[in-house]
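Me: I have a chain open on my screen and would like to talk through how its parts pack. Could you take me through it piece by piece?

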Amino acid sequence: MGNINSSATILPTEAVQGSVDGITHYYVVPLLRVMVFLCLAMVIMTMVEKVYLAVVVACLKLFRRKPEKQYKWEDMKKDDLEIGDSAYPMVLVQLPMCNEKKVYQLSIGAACNLSWPADRIIIQVLDDSNDPSVRALVQEECRRWASKGVNIKCENREHRKGYKAGALKDGINHSYVKLCEYVVIFDADFQPDPDFLYRTIPYLIHNPNLALVQASWTFVNSDECMLTRMQEMSMDYHFTVEQEVGSAVHAFFGFNGVWRIAALNDAGGWKERTTVEDMDLGCRAALKAWKFLFLGDVKVKNELPSSFKAYRYQQHRWSCGPANLFKKMTIEIITNKKVSIWKKVYLIYAFFFVNKIVAHIVPFTFFCLVLPATVLVPQVNVPIWGAFYLPLAVAILNVLPSPRSFHLVVLWMLFENVMSLHRTIATFIGLLEVGRVNEWVITEKLGNAFNTKTGSKAVNKLPRFSIGERLHVLEIIVGLYLVFCGWYNFCYGNNHYYVYLFVQGVSFFVIGFGYIGAFGTTS
């Protein structure tokens with residue numbers, strides 16, 4: 001009887017184990033192998049794109065291909081009295097802002113100090129502030145500059161329909177704008193140098209096929225904290241490599257700058273269908289065969305988000321918006337008759353699919369979900385070239401434009417994998433058009449650009465906060481998953497992936513518990 005009872009108790013356990021093994025063999029293993037294959041394919045796509053961009057940039061440097069060699073440019077003699085002010089085109093400078101209490105003076109002051117004949121420039125402040133005190137401050141600042149002889153207009157709306165795109169659209173439709181040939185858009189934290197217009201407008205004057213001239217960005221608070229340093233590394237690559245290649249090879253890229261108003265109108269003007277209104281307008285202008293020019297030696301100072309909350313909202317918009325635009329414009333790009341097949345392939349595959357979809361989802365999907373899962377399923381292997389060599393090569397190519405931060409390459413990789421969690425979610429929201437697809441949260445600016453300019457220094461201090469504001473649950477959950485997989489690999493695995501898994505898990509915990517970015521600044 002004892003033997004029979006013993007067998008009866010063992011058999012169910014064996015049956016359960018057999019069922020688990022069967023599910024693993026027939027379902028989990030094949031699915032995981034497919035995921036590994038897809039992720040490796042995306043890693044290869046990313047690597048090929050990075051190498052291509054690196055080769056083009058190297059050729060541009062080697063052959064010293066400058067914008068003035070590609071496009072006609074003549075200096076406008078500022079001191080030549082024979083020219084007269086009438087020879088200068090009318091320029092509109094738009095400053096969209098909303099509740100920008102800490103930086104509105106900076107933005108308005110920088111625009112009003114632009115060097116250009118006073119009767120040939122209009123400064124248009126588009127203030128959507130719903131805080132009456134901020135609105136009053138902005139209006140008073142505009143009156144102060146108007147009293148100095150600056151042609152400045154303060155335009156207010158009683159709603160925020162269309163957000164930034166809606167404000168720009170309403171602003172450019174005012175009757176006095178009909179006199180203007182070009183429009184410059186600066187966000188509320190931007191500080192253009194006084195000679196900005198003299199260095200950009202001549203390209204548009206002498207090259208009628210140019211729709212847009214874009215300057216590079218430089219960041220006044222990149223050393224404020226590790227968060228801003230990581231952002232600087234990514235943005236340096238974007239401008240030094242992606243924008244440079246887009247301009248030189250394809251005459252297209254996706255940011256704002258100095259627009260020819262005729263080209264802006266020809267492309268259909270500002271639209272409110274996505275949260276990346278500048279990219280939307282740029283794509284439509286490109287499909288009208290207009291060309292864009294990037295000037296890497298013209299730099300405009302601005303401020304990076306220094307709190308993780310602000311950066312996370314910004315990255316949601318910058319990931320969700322392009323994915324949503326990709327969905328809306330793919331058919332329009334394919335059926336377009338004015339551009340070549342090569343440019344269509346570039347827009348759909350390189351600009352959108354690889355750089356706005358694949359690049360946003362593969363770091364988290366592969367390195368934080370699929371790779372750790374293979375540790376738990378030993379039947380599935382990830383080749384070392386896909387798990388280590390190619391990702392490291394991609395990271396090195398990304399940080400090369402930031403030589404002063406090259407020693408932070410490993411930290412940058414870990415940080416980008418964490419941020420890819422939010423970019424992946426945002427990308428799928430944009431593709432599926434669900435949830436927060438049209439969410440627009442203003443990126444908080446702390447005025448550190450102004451503090452730097454005036455010589456004062458922002459003092460970081462821990463403010464009062466609730467636990468819910470400090471903790472980021474998704475990061476903590478992923479961190480626990482990675483640490484568990486690392487522990488399992490350490491105990492039972494036959495490779496050393498646990499080293500990466502533990503370190504990446506800790507990086508999720510660091511951000512999950514809120515230990516990144518500036519917590520606050522003194523007012």
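Reply: Helix α9 passes helix α10 in a right-handed crossing, where right-handed means that the near helix is turned clockwise from the far one by less than a right angle, and left-handed that it is turned anticlockwise. Helices (H or I, at least four residues) and strands (E, at least two) are DSSP runs, numbered from the N terminus. Please keep in mind that this is a predicted model, in which local features need pLDDT of at least 70 and side-chain atom pairs count only at pLDDT 80 or more, while totals for chains, interfaces and linings use all residues. Residues are numbered from 1 along each chain as its sequence is written, and side-chain values use heavy atoms, with hydrogens and water left out.

Me: OK, at what angle do α9 and α10 pack?

Reply: Helix α9 (residues 277-286) and helix α10 (residues 308-335) pack at about 20 degrees with their axes 10 Å apart, and that makes α9 roughly parallel to α10. Angles under 35 degrees count as roughly parallel, over 145 as roughly antiparallel, 65 to 115 as roughly perpendicular and the rest as oblique; axes are lines fitted to C-alpha atoms, for helices over the stretch in contact, and angles run from 0 to 180 degrees between N-to-C directions.

Me: Which residues make that contact?

Reply: From α9 there are M279, D280, C283 and R284, and from α10 there are P322, L325, M329 and E332, with contact meaning heavy atoms within 4.5 Å. The residues of this contact between α9 and α10 divide into five nonpolar, no polar and three charged, where Ala, Val, Leu, Ile, Met, Phe, Trp, Tyr, Cys and Pro count as nonpolar, Asp, Glu, Lys and Arg as charged, and the others, Gly among them, as polar.

Me: And how do α13 and α16 cross?

Reply: The axes of α13 (residues 409-432) and α16 (residues 473-492) come within 11 Å and cross at roughly 120 degrees, which makes α13 oblique to α16. The contact uses V418, L421, H422 and I425 of α13 together with L474, E475 and V478 of α16.

Me: Switching to the sheet, what is the strand order?

Reply: It is an open sheet of seven strands in the order β3-β2-β1-β4-β6-β5-β7, with mixed pairing; two strands pair if DSSP finds at least two bridges between them. The edge strands are β3 (152-156) and β7 (291-302), each of which pairs on one side only.

Me: How many bridges join β5 to β7?

Reply: Nine bridges join β5 (residues 210-219) to β7, and these strands run parallel, with A215 standing opposite L295 in β7. Strands β1 (residues 91-97) and β2 also pair in the parallel sense, over seven bridges, and L95 has V125 in β2 as its bridge partner.

Me: Is β2 (residues 121-127) mostly covered or mostly open?

Reply: Strand β2 is mostly covered, since seven of its seven residues are buried, with buried meaning under 20% relative accessible area, exposed over 50% and partly exposed in between (1.4 Å probe, protein chains only). I121, I123, V125 and D127 point one way from β2, whereas I122, Q124 and L126 point the other way.

Me: Last one, what does Q504 touch?

Reply: Q504 sits in helix α17 (residues 497-512) and counts as buried because its relative accessibility is 0%. Not counting residues up to four places away in sequence, Q504 touches C368, L414, N417, V418 and L482.
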